[in-house]
Amino acid sequence: MNLSLERNVARWIIILSSFIIISLILWNTYSFFQKFKAEERIKIKTWSVAQIDLLKNIDDLTEDVNEVTSHVLTETTTSTPMLVLDEEGKVSTSINIDEEKLQDSLQIQNLVNKFTSENEPIKVIVNNKVFQTIYYGNSPLLNKLKYYPLALLLIILLFAAVVYFFYRSSKNAEQNKLWTGMAKETAHQIGTPLSSLVGWTEILKTENVNAEYISEIEKDIDRLQTITERFSKIGSAPTLERLDIVKLTESSYDYLKSRSSKLINFYIESPDNEIIVNVNPQLYSWTIENLVKNAIDAMKGKGDLKLKISQTDKNVLIDISDTGKGIAKHQFTKIFEPGYTTKKRGWGLGLSLAKRIVEDYHNGKIKVLHSEIGKGTTIQISLKLLS
């Protein structure tokens, strides 16, 4: 059994054990509630028996009220709210009820309805005749006990949420540390041969090699230098500059256009005026590159790709649309998770990296604006304008 499987088994054992424990606690609470409620009903029935004895003694003026009867009537119901109505529906006795409520017939009826919903009324029968009807509600302690399971569940859910967020933040921190280390190591590894290529380019210039060849090589060397800078900035707070996002986006888009399949039709719609935002050019161009490459892969190297730049009062919007296979709605947020990919080859890091660059480094937003299976997808970047 591998380590991952062992962790999954242990996780399910903990979840199942927690569920059993919670179920037992809730069942015991429910059982205690029902027993406590039954005991309160016994008390009210005892009170009704004492009331019957009192009524009989009232009819027989020669007998005094029994001491036990008097004790039950005065001491049994110390907290239970109770309303006693005579045969005409008038209040004959009330216990633990605000006197002001007894002055309003509508409030009395509301109390009767409330008590009836909580407990079945008890009739006081003397000589086969109903003299009184006792309506009683739950005591304050019973009402508190009724909400105890909900409070317990809330505490458990809060505790589970704290554990989950702690686990998730720890996992993300561990992943970020790993990716940062890999990125910086990659930048270091690229740096050595890159320096050598720069030297060889200078030598080629002295050998009367076609200038166009050298120019293309230099472009790719500049590209490698940009990639190296990108990787070296991962894990560090990037420096943001006041730049024209239109020009920067067009530059990145044109570079990819010149090095992509001729079967892809590139379109761009952008305003003529400058739109100034705080941006890191290396990281932003990396985001555009990742989104464009994902769009190209979704179209399998053939289709229409459009980039549109627009602005609102507070934001600049960059929409990248393709005519690829589309994304199911339930995957709109999942595609930005690290490691998620639908490709046979790939690490599933491109879109998660784009999300981190846009949201963590530039305080912007990135989302799937809309998508339809078989027709294509539009992903939107939103960055704040400088005030």
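How many residues apart in helix α9 (residues 350-361) are K355 and E359? They are four residues apart, which means that about one helical turn separates them.

Before going on, a word on the ground rules. This is a predicted model, in which local features need pLDDT of at least 70 and side-chain atom pairs count only at pLDDT 80 or more, while totals for chains, interfaces and linings use all residues. Residues are numbered from 1 along each chain as its sequence is written, and side-chain values use heavy atoms, leaving out hydrogens and water.

**Charged pairs**

Side chains of opposite charge can pair when their charged atoms come close. Here, a salt bridge means a side-chain nitrogen of Lys or Arg within 4 Å of a carboxyl oxygen of Asp or Glu.

| Pair | N to O distance |
|---|---|
| K355 and E359 | 3.1 Å |
| E202 and K205 | 3.5 Å |
| K306 and E269 | 3.2 Å |

Helices (H or I, at least four residues) and strands (E, at least two) are DSSP runs, numbered from the N terminus. E202 and K205 are three residues apart in helix α5 (residues 148-206), so about one helical turn lies between them.

How open are these side chains? Buried means under 20% relative accessible area, exposed over 50%, and partly exposed in between (1.4 Å probe, protein chains only). E202 is partly exposed at 43%, and K205 is partly exposed at 39%. K306 is partly exposed at 36%, and E269 is partly exposed at 38%. K306 belongs to strand β8 (residues 303-311) and E269 to strand β6 (residues 264-269), so their pair ties together parts that are 37 residues apart in sequence. K355 is partly exposed at 29%, as is E359 at 21%. Elsewhere, salt bridges that share partners join E216, K219, D220 and R259 into one network.

The axes of helix α7 (residues 245-258) and helix α8 (residues 281-298) come within 10 Å and cross at roughly 50°. Axes are lines fitted to C-alpha atoms, for helices over the stretch in contact, and angles run from 0 to 180 degrees between N-to-C directions. That makes α7 oblique to α8, where oblique covers whatever is left once angles under 35 degrees (roughly parallel), over 145 (roughly antiparallel) and 65 to 115 (roughly perpendicular) are taken out.
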